[in-house]
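Q: I have this one open for the first time. Can you walk me through how the helices pack?

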Amino acid sequence: MKKKRILITMLLALAATMHLVAYTPQEAVNKFISHSSLRYASVGVTVIDLDSAKTIASYRPEQANITASTMKTVVSSAALGMLGPHFRFETPVYLDGEVQNGLFRGDIIIRGMGDPTLGSVFMPCQANIVEEIIDALHALGITQVEGAICCDDSYYGYPYFDEDWDVGDLAYDYGAAVHALNYHDNLMTVSYTMDSRGRVSHSSITPSTPGVKIISRCRASRGRNAITPYLDYSVPALILTGETTAKTYRSTYANPTPAPMLRDSVEQALYHSGIYFRRNDSARNEVGENAEYSILVLHKSPELTEIITSLLDRSDNMFAHALLRAIGAREWGQKSMNAMPSDLDAIGVAAVKRWLELQGIDTEPLFMRDGSGLARGNKASVNFFGDMLTMMAHRRFDGVRLCDLMPQAKGRAGKTLKDNPLSDMIVLKSGSMRHVQCYVGYYPADEPRYAFAVLVNNFTCSQASIREQIGTFLCNLFEGK
């Protein structure tokens, strides 16, 4: 009986495999788009043979659809080409004052230049700027600091977020804005307790972020907890609206002012490092003509390849948008120390499109609003993605290809693909938001022979179901190839 069950299982598995192998690329596409959940959807599909650079299967290839986070492959490609794979963000730290007998009197100035990785929990192996500052002070024999820790966030002006982002996204962890001086992924973990009137009776922020208020505008409820957060950059404050019972909450939100968080972290590190610190905001003026302005630390981020690998894997909107602003800053002033213009995002988008055009890519079907895909105004055709992916498959930047930095499919496209050996052989970038599910990528991962793009908007099934359908389509498409 046991042997019979094993035989039946093997036959079923073989039948499933034979079923997958039977499809031509266009048949796989046709089967996918025939699903009832796509009856009213906007769908674009393309499959490219990279050796011939020809389309071997497609559906509505010229239709522009919302891209969601697949837009991150566009800014990543442009960053590789324009900034280079070894590009690093730099954050200078200056001493502006006087050192005498182990006492520094004056300002320690941290000049933000857009590095999104400062203090990032997602890059634990990178150099820690706070530790670098402490080590540099020790190396100079400084045992006392009297003055101020000045965090200069002026390189990028307000707004810190893209103006096309939905205001409802800005408070959440995925909606963290890009400042000139970013820290701890521009995130804060907030714990707060609501009383019976719907007011905040106690709150705390980790890491400490001086100046940020937690304000409740909630209605008291006997049994309903439905809180919606908003950020008010002008206060700054986390505004809580909705209904709540008397309850304690803990969640991670976007930090509207990362610079004070960094300043507090440096001050705390001074206290714990044995360096005596006394805050004196006028110390620099009191030193007068004896003051000197010198570099203390030049912090460098990880290389661009590591940043792109991380942002594509985690779909980090803040990291991706920081790359767009770095491209814009390069276009504007070749790393000028002057403040960037308020339309830096638009400058970055224009620079990306010009670079793509120089590579022979038609950008007319690319409607790019930001670097991350968070704005719903980001749209593109699968023809555009097919052309870009084909070009990037044949381009190496100091030996680095886009496909080398993209994550494996694994559990990103449903259970059928996850359980198939193909999941280790396909690299892709997914993108999702309400009623949007998209994928672009390559097969096989090590030496791609095919590129694909699938953009689906306005499906009528669940997000999990459409991911499963697309994963099954990829199995049908590549099984046996």
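A: One definition to begin with: angles under 35 degrees count as roughly parallel, over 145 as roughly antiparallel, 65 to 115 as roughly perpendicular and the rest as oblique. Also, this is a predicted model.

Q: Ok. At what angle do α7 and α8 pack?

A: The angle between α7 and α8 is about 135 degrees, and their axes are 8 Å apart. An angle of that kind falls among the rest, so α7 and α8 are oblique to each other.

Q: And which hand does the crossing of α7 and α8 have, left or right?

A: α7 and α8 cross in a left-handed way.

Q: Which residues meet there?

A: From α7 there are Leu304, Ile307, Ile308, Ser310, Leu311 and Arg314, and they meet Phe319, Ala320 and Leu323 of α8. Sorted by class, the contact of α7 with α8 has seven nonpolar residues, one polar and one charged.

Q: What about α3 and α7, how do their axes cross?

A: The axes of α3 and α7, which is residues 304-314, cross at roughly 175 degrees and come within 11 Å. That angle is over 145, so α3 is roughly antiparallel to α7.

Q: Which residues of α3 and α7 meet?

A: Lys72, Thr73, Ser76, Ala79 and Leu80 are the ones in α3. In α7 they meet Leu304, Thr305, Ile308, Leu311 and Leu312. The contact of α3 with α7 divides into six nonpolar, three polar and one charged.

Q: Then α3 and α8. Where do those two sit in the chain, and how do their axes cross?

A: α3 is residues 71-82 and α8 is residues 317-333. Their axes come within 10 Å and cross at roughly 40 degrees. α3 and α8 are therefore oblique to each other, and α3 passes α8 in a left-handed crossing.

Q: Which residues make that contact of α3 and α8?

A: α3 gives Lys72, Val75, Ala78, Ala79 and Met82. α8 gives Asn317, Ala320, Leu323, Leu324, Ile327, Arg330 and Glu331. In the contact of α3 with α8, eight residues are nonpolar, one is polar and three are charged.

Q: Switching to α4. Which of its residues are buried?

A: In α4, residues 129-139, the buried ones are Ile129, Val130, Ile133, Ile134, Ala136 and Leu137. They cover an arc of only 160 degrees around the axis, so they lie on the same side of α4.

Q: What is on the face turned away from that buried side of α4?

A: That face of α4 carries the exposed residues Glu131, Asp135 and Ala139.

Q: And what covers the buried residues of α4?

A: The cover includes the strands β4 (90-100), β5 (103-111), β6 (144-152) and β14 (292-300), along with α5 (258-272).

Q: What does Tyr276 touch?

A: Leaving out residues up to four places away in sequence, Tyr276 touches Thr143, Gln144 and Val145.

Q: Last, the whole chain. How many helices and strands are there?

A: The chain has 13 helices and 19 strands. Its C-alpha trace spans about 85 × 60 × 50 Å along the principal axes. Of the 481 residues, 55% are buried. Among contacts with a separation of 6 or more, 69% are between residues 24 or more positions apart.

Notes: Residues numbered from 1 in each chain as written. Predicted model: local features only at pLDDT ≥ 70, side-chain atom pairs only at ≥ 80, totals over all residues. Heavy atoms only, no water. Axes fitted to C-alpha atoms, helices over the stretch in contact; angles between N-to-C directions. Helix = DSSP H or I, 4+ residues; strand = E, 2+ residues; numbered from the N terminus. Left-handed = near helix turned anticlockwise from the far one by under 90°. Contact = heavy atoms within 4.5 Å. Nonpolar A, V, L, I, M, F, W, Y, C, P; charged D, E, K, R; others polar. Buried < 20%, exposed > 50% of the residue type's maximum accessible area, 1.4 Å probe, protein only. Arc of directions from axis to C-beta.
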